[in-house]
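Subject: Structure handover

Hello,

I am passing this structure on to you, with notes on what turned up in it. Please have it open while you read.

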Amino acid sequence: MQTTLIIIKPDAVQRGLTGELLSRYERKGLQIVAAKFIQVSEEIASKHYAEHKEKPFFGELIGFITAAPVMVAAVRGPEAIAICRKINGATNGVEADPGTIRGDYAVSKQLNLVHASDSPESAERELALWFNGEIIDWSRQNERWITG
Ligand code: CMP
């Protein structure tokens, strides 16, 4: 089992897609183990995107993610990190396959609706940053019908 971080970004929230996008991870069979609707601070944004600090688009990235509220969630399941990356599709909406979130709803690299951790190390770091001590370990009654 893996747990990964999902951010439903400001563009998706503004477009009224929060529920639709969160439900895609849930319908796949992943379990929500934390979620909150928040206005992101510059401090959290800079820590979250620390690996992009030297990139030319870093300032824009921080401006975008702090511009309006986001929904942040932690989802759990077998290979959850890879599954969520597939559900999201390629970073650039222009290149993302139809059927993925970005393939269906995005035409931009920055306005790409969602974020998901890209490795077990990133997931651990991001979950600690966004949900320190807030993850709820709960059991689904129908687990055996989902993960076997
Ligand atoms: P995300 O998965 O949140 O992680 C890093 C983000 O940087 C990525 O999604 C994109 O939204 C953003 N990004 C990547 N490349 C560019 C770019 N060339 N210009 C603007 N934003 C970018």
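This is a predicted model: local features need pLDDT of at least 70, side-chain atom pairs count only at pLDDT 80 or more; totals for chains, interfaces and linings use all residues.

Four strands make up an open sheet, in the order β2-β3-β1-β4, and their pairing is antiparallel. The edges are taken by β2 (31-38) and β4 (114-116); each has a single partner strand, so one side of each is left without a neighbour in the sheet. From one strand to the next, the twist averages 15°. As background, strands of a sheet pair through backbone hydrogen bonds, in either a parallel or an antiparallel way.

Going through the pairs in turn, β2 is joined to β3 (residues 70-77) by seven bridges. Within this pair, alanine 35 stands opposite alanine 73 in β3, and alanine 34 stands opposite alanine 74 in β3.

Seven bridges also join β3 to β1, and these two strands run antiparallel. Glutamine 2 has glycine 77 in β3 as its bridge partner, while leucine 5 is found opposite alanine 74 in β3.

Burial in the strands

How many of the residues of β3 are buried? Eight of the eight are, so β3 is largely enclosed by the rest of the structure. Both of its faces are covered: Val70, Val72, Ala74 and Arg76 are buried on one side, and Met71, Ala73, Val75 and Gly77 on the other. For β1, six of the seven residues are buried, so β1 too is largely enclosed by the rest of the structure.

Helix α5

Helix α5 (residues 80-88) packs on the sheet and touches β1 (2-8), β3 and β4. The direction of α5 makes about 30° with that of β1.

Which residues of α5 are buried? They are Ala80, Ile81, Ile83, Cys84, Ile87 and Asn88. These residues are on the same side of α5, because they cover an arc of only 165° around the axis. The elements they pack against are the strands β1, β3 and β4, together with α2 (18-28), α6 (101-105) and α7 (120-130). Just after α5 comes glycine 89, with a positive phi of about 85°.

The largest pocket

The volume of the largest pocket is about 520 Å³. It is lined by 24 residues, of which Lys9, Tyr49, His52, Thr91 and Asn112 are the closest to its centre. The elements that contribute two or more residues to the lining are α4 (58-65), α5, β4 and α7. Of the elements, β4 gives the most to this lining, with three residues.

Regards

Key
Residues are numbered from 1 along each chain as its sequence is written. Side-chain values use heavy atoms; hydrogens and water are left out. Two strands pair if DSSP finds at least two bridges between them. Axes are lines fitted to C-alpha atoms, for helices over the stretch in contact, and angles run from 0 to 180 degrees between N-to-C directions. Contact means heavy atoms within 4.5 Å. Buried means under 20% relative accessible area, exposed over 50%, partly exposed in between (1.4 Å probe, protein chains only). The arc is that of the directions from the helix axis to the C-beta atoms. On a 1 Å grid over the protein atoms alone, a cavity is a set of points where a 1.4 Å probe fits but cannot get out, and a pocket is an open set with protein on both sides within 12 Å along at least five of seven lines; lining residues have an atom within 4 Å of a point. Grid points are joined across faces, edges and corners, and a volume is the space filled by probe spheres set on the points.
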